[in-house]
Amino acid sequence: MSVKTVVSTHTDPRACARELRDGIGNLDPTFVTFFATSKLDPESLGAALRQQFGEVPAIGCTTAGEIGGRPQREGSVVLLAMDADSIRSAQVEVISDLAREAATRHAVNTLAAGRGEAASALAPDKYLGMVVHDGLSKAEESIMARITALTNVPFIGGSAGDDLVFRRTFVFANFRPHTAASALALLEPARRYEILKTQSFAVLDKVLEVTEVEESTRTVHSFNGRPAAQEFATLLGVSQSELSDNFRKYAVGLVTREGEPYVRSAQQVQGKSLVFYCQLKQGMRLNLLEARDIVQKTRNDLTSKLATLGSCEAIVEFQCINRTQELESKNQSLAYAELFKGIPTIGLATYGESYIGHLNQTSTMLLFGAS
C-alpha cells in the first residue's frame, strides 16, 4: 500500500492529529495533503500535525466542506499520505506576498532549485504541481498567470474556504498556516497520473463581450456596451429582478478552439453591474453557458480518465462550493459520491478552482495511477 486516506472528526486538534497519524499505520510518507474545517484553530492544528508527522512535505487548506468517505463532511480533517512508491520527492513553498510578482517568482524558482534545475527547464512529464490559495484574496488569477509564465509544469488545485463565513481562510505549507498567501507543492510522481477538469455546462451561441470592467474587484459594468446586469438578463430572457435566481443555471465561459469552456459565474448583482467569482478582462468574448446534470457529466469525464489511466490508487478533488450546493439542492450528493466508490478519495469544497487559470463551478482532480 503506497497511499492511505484517513479522516478525523475530533474537535481537539491534538487528538485529531494523533488519529490521522495512527490512521496511516506503517506508511512512511514522502508527501501529505490535507483539508481541514475552519472550525479548528489553524495554529493549534498545524502545530499538532507537525508534532505527529515531523518534517514530511505537506500542503493543505481550510475548507467550505470536506470530501472523504461520504458525500460531504463538515467539521472534519481529511488527509492523504503517499510514500516513495507513489511520490518520489516533494517540496513545498509559500507565496506570502500575493501582490508582488517577485514573491511568486522566488517561490517557483526555489522549488526548481531544489530539483537542481531552472523553473523553465522543469519537464512537465516528470513533475506535477499542486496549489492552494487564500480563497478571499482575489489574487488567484495573477498567481496562476505568473506560475504559468514561469514553468511548463501543470499546477492544479483550488482556493481555501472558511465554511461559508467569508471572513478568513488559511493555507498550510509544511503544516504551518498562512493567510493572504498561496502554497505550492512540486511533486515528482513515481507512477502515472491524470488531471481532470470537469464542468457541467453546455456552450450556447450567445456571446457577451466585456466592454467595461473593474478587474481588481471582478466587477463587470457593461457587456456589449450596455449595463451588465441588463444585458445578461436580456440574453436569459428574464427580468433583472430574477437574474440572481439564474446564476447557477447560467454562467459565462472562455471557450477554447476545442469547445472546452473555462467557467466564470456571477456572484451578485450590484446596481447595474455584476460581480463575478472570477476575474474578467476588458475585451473578453464569452459564450453563455447553460447548466446540465453534474452527476452524468462527471461520470462520463471520470470514466474516460480512468480508462486512460488504467488503474487508480487515489484521487484528490477540488470541488466548487457552488457545485456542492447544487448537488445538495437536487438530492444528488449520494449519487455523486458513488462515482468515486472503491477509490480512496479526499478533497474539499472550494472558493474557486485552479488549472492553468482560475475558474469556478468546476471540479479539478488529480488521479494517481496504481502502476
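Student: Of the contacts in the chain with a separation of 6 or more, what percentage is accounted for by residues 24 or more positions apart? And at what angle do helix 6 and helix 7 pack?

Tutor: This is a predicted model, in which local features need pLDDT of at least 70 and side-chain atom pairs count only at pLDDT 80 or more, while totals for chains, interfaces and linings use all residues. Residues are numbered from 1 along each chain as its sequence is written, and side-chain values use heavy atoms, with hydrogens and water left out.

The contacts come first. A contact means heavy atoms within 4.5 Å. Among contacts in the chain with a separation of 6 or more, 81% are between residues 24 or more positions apart. The chain has 8 helices and 25 strands; these are DSSP runs numbered from the N terminus, with helices (H or I) of at least four residues and strands (E) of at least two. Its radius of gyration is 20 Å, close to the 21 Å that the globule rule gives for 371 residues, so the chain is as compact as a globular protein of that length. That radius is taken over C-alpha atoms, and the rule is 2.2 Å times the number of residues to the power 0.38. Buried residues make up 57% of the 371, where buried means under 20% relative accessible area, exposed over 50% and partly exposed in between, with a 1.4 Å probe and protein chains only.

Now the part itself. Two packed helices are described by the angle between their axes and the distance between the axes. Helix 6 covers residues 294-309 and helix 7 covers residues 321-329; they pack at about 120 degrees, with their axes 11 Å apart. That makes helix 6 oblique to helix 7. Angles under 35 degrees count as roughly parallel, over 145 as roughly antiparallel, 65 to 115 as roughly perpendicular, and the rest as oblique. The axes are lines fitted to C-alpha atoms over the stretch in contact, and angles run from 0 to 180 degrees between N-to-C directions.

On the helix 6 side, the contact is made by I294, V295 and T298, and they meet R323, E326 and L327 of helix 7. By type, the residues of this contact divide into 3 nonpolar, 1 polar and 2 charged. Here Ala, Val, Leu, Ile, Met, Phe, Trp, Tyr, Cys and Pro count as nonpolar, Asp, Glu, Lys and Arg as charged, and the others, Gly among them, as polar.

Helix 5 (residues 228-236) gives another view of burial: 7 of its 9 residues are buried, so helix 5 is largely enclosed by the rest of the structure. F232 and L235 are among the buried residues.
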